[in-house]
Amino acid sequence: MTSGTITADTSGTWTLGDLPVNRLGFGAMRLTGSAAFHQGTPSDRARSVAVLRKAVELGVNHIDTAAFYFSALRSANEIINTALAPYPDDLVVVTKVGPFRDYSGEWGTAARPDQLRGHVEENLRQLGRDHLDVVNLRRMGQDSIAEHFGALAELRQAGLVRHLGVSDVTSRHLDEALAIAPVVCVQNRWGLDMRDAATDELVRLCGDRGIAFVPFFAVAGEAGAGGATEDHDDAVLAVARAHDASPAQVRLAWTLHQGRHVLAIPGTGNPDHLAENVAAGALRFTEQELDLLDALHTRTG
């Protein structure tokens, strides 16, 4: 499919609280290198800046990032700041807090509730903002998120954060959070070939409650932080051929077909891949094609 003239608004829109975004957004993890964190080689900084500016030109107004997205030489937040500040009025930058990496890149102990303000302030400093549009609390295995989410709710009341979300949670954790403050998005690992019955149910619950569901690794599949998967089922390849599209575009489009509240945040440091990802928002499947892909999702559970 031709991708050069297709913009992110073809994917439709959703509102995060009071912030409208196009459903096809951008994940900043891959801005820093050939793989996430320290797993690859650091990116070309000028190229990463150009990718971000091109994303905005293509109508992307939802960027997902975190202070712990950095490689040996690059910081995603710093690149975002350099490329896009002063920020467009309609740009929504979503960050996440909870995990922690030290200056050497090693993972440290997840933040205690009283340390979350420091995580928020670090994102503010790196991004050059006086408030954060949306902050996701990334659960780090704790049984209850109430105390951590309560700490973020206090920062929201203080004006440092506009809206809150949760990540890597179950429906029980979502209920915990909703009892404390509004939740505008849920961010869990999920995709065409990553079925989990509990997450499927969470996707449905989010739709019923008017909460955005924002899956990560929807394109990468089992490869996760290592990059996009090269292992594609025959059903994906068949649908891709029918639309003159790539398998990655089919994966993204299937994600967006799962409900108006389901968003996509594919990440890349490659400007050609960026245009392809954005163009995936224009793909429309037939009922037969959706049935074929849905059956694949069901089989992978």
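Modeller: One definition is needed at the outset: helix axes are lines fitted to C-alpha atoms over the stretch in contact, and angles run from 0 to 180 degrees between N-to-C directions. Please note also that this is a predicted model.

Biologist: Are α3 and α4 roughly parallel or oblique to each other?

Modeller: Helix α3 and helix α4 (residues 146-157) pack with their axes 9 Å apart, at an angle of about 50°. Angles under 35 degrees count as roughly parallel, and 65 to 115 as roughly perpendicular. The two helices, α3 and α4, are therefore oblique.

Biologist: How many residues of the contact of α3 with α4 are nonpolar?

Modeller: From α3, the contact draws on L116, R117 and V120, and from α4 on H148, A151, L152 and L155. Among the residues of this contact, 1 is charged, 1 is polar and the nonpolar ones number 5.

Biologist: Are α5 and α6 roughly parallel or oblique to each other?

Modeller: Helix α5 (residues 171-178) meets helix α6 (residues 197-209) through S171, L174, D175 and L178 on the α5 side and L202, L205, C206 and R209 on the α6 side. Their axes lie 10 Å apart, at an angle of about 30°. Because angles under 35 degrees count in this way, α5 and α6 are roughly parallel.

Biologist: What arc around the axis do the buried residues of α2 cover?

Modeller: In helix α2 (residues 76-84), the buried residues are A76, N77, I79, I80, A83 and L84. They lie on the same side of α2, because the arc they cover around the axis is only 160°.

Key
Residues are numbered from 1 along each chain as its sequence is written. This is a predicted model: local features need pLDDT of at least 70, side-chain atom pairs count only at pLDDT 80 or more; totals for chains, interfaces and linings use all residues. Side-chain values use heavy atoms; hydrogens and water are left out. Buried means under 20% relative accessible area, exposed over 50%, partly exposed in between (1.4 Å probe, protein chains only). Helices (H or I, at least four residues) and strands (E, at least two) are DSSP runs, numbered from the N terminus. The arc is that of the directions from the helix axis to the C-beta atoms. Angles under 35 degrees count as roughly parallel, over 145 as roughly antiparallel, 65 to 115 as roughly perpendicular and the rest as oblique. Contact means heavy atoms within 4.5 Å. Ala, Val, Leu, Ile, Met, Phe, Trp, Tyr, Cys and Pro count as nonpolar, Asp, Glu, Lys and Arg as charged, and the others, Gly among them, as polar.
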